[in-house]
Amino acid sequence: MSRLPRLRSSSPDRRADSSGPTLAATAYVNTRKRKSAIEEDEEQDTLDELIQQPRKFAALGNARPTRSRTAAAPAAKANAPLNPSKNAGNLRASNSNLTSSTGSESNTKVPTLSSSNFGKGIPKTVTRPRPPTTLARSTTRGTSAPPVSQAGPSRAIVRPGAKPATSAAATARGGRTLRSGVRKTGPEDKITTIQSQLATLEAARQADAERLAEEMASERSKVSELQNNHLALSKQLSEAKTQELNHRRELVTFSDEMDEMRKKHTKEVMELEMDLRKKEREAREVTEDLRVTRNDLERERLTVENLRTAMSTQSQTQLTLSAENQALHAQLSSLQRQLESMNLEVADMKELVEEKEKAVIEMKKEVFESETIRRKLHNTILELKGNIRVFCRVRPVLSSDLPALPSPEEEERVREELKAKMDFPDNHDHKEIVLHSTSESAMGIERKDVYNFGFDRVFEPESTQAQVFEEISQLAQSCIDGYNVCIFAYGQTGSGKSFTMEGGPTDSTAGMIPRAVEQVFRVSEEMKSKGWEYKLEGQFLEIYNEAIHDLLIPSTAPDADKKKHDIKHDPKTGRTSVTEVTVVPLQSPSQVRVLLARAQSRRSVAATLMNERSSRSHSVFTLRISGVNVAGEKKERVKETQSINKSLSALGDVISALGERGSSLSGKEVHIPYRNSKLTYLLQNSLSGSSKTLMVLNLSPLAAHMNESLTSLRFATKVNNTNIGTAKKLAKAS
Ligand SMILES: Nc1ncnc2c1ncn2[C@@H]1O[C@H](COP(=O)(O)OP(=O)(O)OP(=O)(O)O)[C@@H](O)[C@H]1O
């Protein structure tokens, strides 16, 4: 009972240690272990005591009469360890002791109980016979003899094995006595002696029996004491058992409590561990946050540091800039002063420049007028000479002339290789072209030929449409002035005739026809202020296989391709017309481009073999200009223009005949075969002495076309030298 409060007293400790539950629990368990060890030690001591007790009981049972008087003291002493707190082992030991005592009582003697025969000494004691010598010596060693009951001594005496021995011993001892008596007294003495001895023995036996009876009585009283002791011990034992049971119940209760507490504790520990893990996780998160924050802070610190550095640099720069600014302000005010004075100078200079500009404009005007006069004079000379003027134009090498090449450098190299050797030596008037060729003589000797040609103007490959038109624009003016003007392009296929005459789609590539029309429109507008009104009409024909095709006829017109076109000359007016041809009134320059495009598409539609057709066909665009001066009453000047094309051989014949006639000294009339071809017939009035004719010779720049170029150049030279007579204005009296 004393232990339970001691264990319970640990509960407050546990509560006190609630801050460190695991540690407290361990302490509790250790305490428990320590207590168990103490209890075990105590139990062991108690067990040892109980083990000692039987010895004490045995010692009491075997005690000699002299010692039996003190037997109560050891018994009392033996009772002392049997206190109520002894455990089951102790009780078992006591029980065994008790059983041993009972066993010895049933044999009516106190067994000799040692620790080795504890619980099994009774049978040995019962079955082992005691030798007769023990009985013989029992007078001096009564305590070693078994306790004698009433039947005991007699049983010991009548024991078969003992009697002969006793008789023999007695006989042996008596025999020695008798043998000495016989030798002295005889048989009666012997009997007497024996009888006396028997009487002595009987007296001794009785004395022994009395003494034994006394001892037995004494032993019985001891046994009775022991039995009393035993009863007391049994009582103590049952109390001890009750206590033990109580202890066990307490122990069970305590164990349950322990289990409960252990479970609770385990649960608490688990919860605490979970809490701990959660706290650790939170701590890790907080640590991570802290680390990130620290990094951020470090970055911010660096940024702040950099900003501070930048700020200090900026403030230094600002100081420097302020100083510079001040210096610049000073400089600025000085410059402003300079500027003011310079402004004055500039104003003076401006005035001067304006004066100079005016002078330049005047001079330019003069130059232009001089140039115009020069051209007019030149034209006049030509008109007076009556020659057909010839321009020569060499087109550039085109990409389509080159094979496919891997690089621009390679392309440039091949481009140079493909070029014919042409020179343009006249850098001032641009009237000359020189061709170089290499040929082999019959002897196999290489011969270098140089061909020089001179024309009214030579245009190099780099020349532009605008540059060419600049030279032609005078003719457009002549048109307005009432002259027939014929501009025709001549040259081998692909040499640039169409490009020169019609041009490309852009303003810069526009050819001579749209540019001439545009100029006529512009001049006619200018002439309005002088009372002139102009009507412009256009027609576009193609002569192919000696048949005339109308290129401007709408494709929707009935029998468009079946119409017959004949050329008519009016000898009175000198006017040439083509029957059934479409004549389009022109309202604007842009309209002409549309007409050219329409004509181009019709030509394409009609064409089956473009190259062949192009080399055999001749297209003629005619711009007819009719001008009436409505200012005052006179309506005098009417201008009519005819454009011509050529049929090359017939043209050559016509030109040759014209040349012959011009150079004829005999004054003999030379037949001019105008009717040999539609082209020459169409151009009759343009090639006769009443018109201004310009032939543009187009040349290919390629070495491969060298022979063609030479032929063209020779023909153009012939044309250039042909005198067709002086042009006359066409005017119709109102
Ligand atoms: N001065 C130039 N600058 C640039 N390209 C040119 C020039 N002259 C001609 N060409 C180009 O050369 C090519 C052939 O020119 P074009 O068609 O005018 O030759 P053509 O003499 O009219 O030929 P064909 O007699 O076969 O009708 C065209 O692609 C044209 O654009």
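I started at the ligand in this predicted model. I found 14 residues around the ligand. The closest are Arg-395, Thr-493, Gly-496, Lys-497 and Ser-498. I then looked up which elements give two or more residues to this shell: they are α14 (497-501) and α17 (610-616). Helix α14 gives the largest share, 3 residues. I sorted the shell by class and got 9 polar, 3 nonpolar and 2 charged residues.

Next I turned to strand β6, residues 484-490. Is β6 enclosed or open, and why? I counted 7 of its 7 residues as buried, so the strand is largely enclosed by the rest of the structure. I checked the two faces of β6. Asn-484, Cys-486, Phe-488 and Tyr-490 point one way, while Val-485, Ile-487 and Ala-489 point the other way. Both sets are buried.

I looked for the pairing of β6 with β13, residues 691-699. The two strands run parallel and are joined by 7 bridges. Tyr-490 of β6 stands opposite Leu-697 in β13.

Last, I went through the largest nonpolar core, which holds 68 residues. Cys-392, Val-520, Met-695 and Ala-716 touch the most other members. Helix α13, residues 465-481, supplies the largest share of this core, with 7 residues. In soluble globular proteins, nonpolar side chains tend to be buried together.

I followed up on Cys-392. Which residues does Cys-392 touch, not counting those up to four places away in sequence? I listed Ile-433, Phe-455, Val-458, Phe-459, Leu-697, Leu-699 and Ala-716. Leu-697 was already in my notes, as the residue opposite Tyr-490.

Conventions. Residues are numbered from 1 along each chain as its sequence is written. This is a predicted model: local features need pLDDT of at least 70, side-chain atom pairs count only at pLDDT 80 or more; totals for chains, interfaces and linings use all residues. A residue is near a molecule or strand if its C-beta atom, placed from the backbone, lies within 6 Å of it. Helices (H or I, at least four residues) and strands (E, at least two) are DSSP runs, numbered from the N terminus. Ala, Val, Leu, Ile, Met, Phe, Trp, Tyr, Cys and Pro count as nonpolar, Asp, Glu, Lys and Arg as charged, and the others, Gly among them, as polar. A residue is buried if 20 or more other C-beta atoms lie within 10 Å of its own, exposed if 12 or fewer, and partly exposed in between; C-beta atoms are placed from the backbone. Two strands pair if DSSP finds at least two bridges between them. A nonpolar core is a set of buried Ala, Val, Leu, Ile, Met, Phe, Trp, Tyr and Cys residues joined through C-beta atoms within 7 Å. Two residues are in contact if their C-beta atoms, placed from the backbone, lie within 7 Å.
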